[in-house]
Amino acid sequence: MEREILFKAKNKHGEWIYGIPTFDMKYLFDAGNYNSPDSYEIDPKTLCQFTGFFDKKGTKIFESDMIQDEDKNKFIVKWQDGAWFIESLVKLKNEPVFSHWLYFDGIDPKEWAENIGNLIE
């Protein structure tokens with residue numbers, strides 16, 4: 001399986017930009033032109049990696065994105081223990097916080113998830 005390596009982060013104007021980070025994680029090289037020597041200053045606290053997964057509308061799912069299922073349950077996407085996980089944003093009454101692999105039991109997020117934003121926004 002081939003996976004696109006891509007990151008997003010906010011630039012100094014607060015806009016999301018996409019690319020590959022420099023070693024010090026302070027700049028991104030433009031995702032549309034990797035041959036360009038240009039890089040853009042970013043806020044390193046906003047750096048998010050692409051998971052390789054898409055939601056049901058074809059939107060890329062990044063680290064720290066908020067996704068929801070058909071029942072409007074909301075989850076945050078996290079990197080944990082060497083895998084992409086989702087964790088519920090709301091603790092249900094008398095239930096532990098739900099945490100599970102983003103791709104679990106053979107169910108791809110493109111079949112159930114909708115990307116509704118990013119926790120950083």
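Which backbone nitrogen does the side chain of Asp69 reach at 2.9 Å? The backbone nitrogen in question is that of Asn73. Welcome to a short tour of this predicted model, which takes in a six-stranded open sheet, a hairpin made by S8 and S9, and the loop that holds Asp69.

**Asp69 and its loop**

- Asp69 sits in the loop that links strand S7 (65-68) to strand S8 (74-80).
- Besides reaching the backbone nitrogen of Asn73 at 2.9 Å, the side chain of Asp69 has a polar atom 3.0 Å from the backbone nitrogen of Asp71.
- Asp69 is buried but takes part in no salt bridge.
- The nearest side chain of opposite charge belongs to Lys72, and it is 8.1 Å away; a salt bridge would need the charged atoms within 4 Å.
- Leaving aside residues up to four places away in sequence, Asp69 touches Phe75 and Trp112.

**The open sheet**

- Six strands make up an open sheet, and their order is S4-S3-S2-S1-S5-S6, with antiparallel pairing.
- At the edges are strand S4 (39-41) and strand S6 (60-62), each of which pairs on one side only.
- From one strand to the next, the twist averages 50°.

**Strand S1 and its neighbours**

- Strand S1 (residues 7-10) is covered on both faces: Phe7 and Ala9 are buried on one side, and Lys8 and Lys10 are buried on the other.
- On one flank, S1 pairs with strand S2 (residues 16-21) in the antiparallel sense, through four bridges.
- Within that pairing, Lys10 has Trp16 of S2 as its bridge partner.
- The hairpin of S1 and S2 has five residues between the strands, and Gly14 there adopts a positive phi near 80°.
- S1 also runs antiparallel to strand S5 (residues 48-54), and two bridges join them.
- Across to S5, Lys8 has Cys48 as its bridge partner, while Phe7 stands opposite Gln49.

- S8 and S9 run antiparallel and are joined by six bridges.
- Phe75, one of the residues that Asp69 touches, has Ser88 of S9 as its bridge partner.
- Two residues lie between the strands of this hairpin, and Asp81 is in the turn.
- S9 is mostly covered, with five of its six residues buried.

- Met25 has a positive phi near 60° and is found in the loop between S2 and strand S3 (27-30).
- Met25 is partly exposed, at a relative accessible area of 37%.
- Asp81 has a positive phi near 50° and belongs to the loop between S8 and strand S9 (83-88).
- Asp81 is exposed, with a relative accessible area of 73%.

How values were computed
Residues numbered from 1 in each chain as written. Predicted model: local features only at pLDDT ≥ 70, side-chain atom pairs only at ≥ 80, totals over all residues. Heavy atoms only, no water. Buried < 20%, exposed > 50% of the residue type's maximum accessible area, 1.4 Å probe, protein only. Lys, Arg positive; Asp, Glu negative; His and termini not counted. Polar contact = N/O pair within 3.5 Å; in protein donor to acceptor, adjacent residues only side chain to side chain. Contact = heavy atoms within 4.5 Å. Pairing = 2+ DSSP bridges. Axes fitted to C-alpha atoms, helices over the stretch in contact; angles between N-to-C directions.
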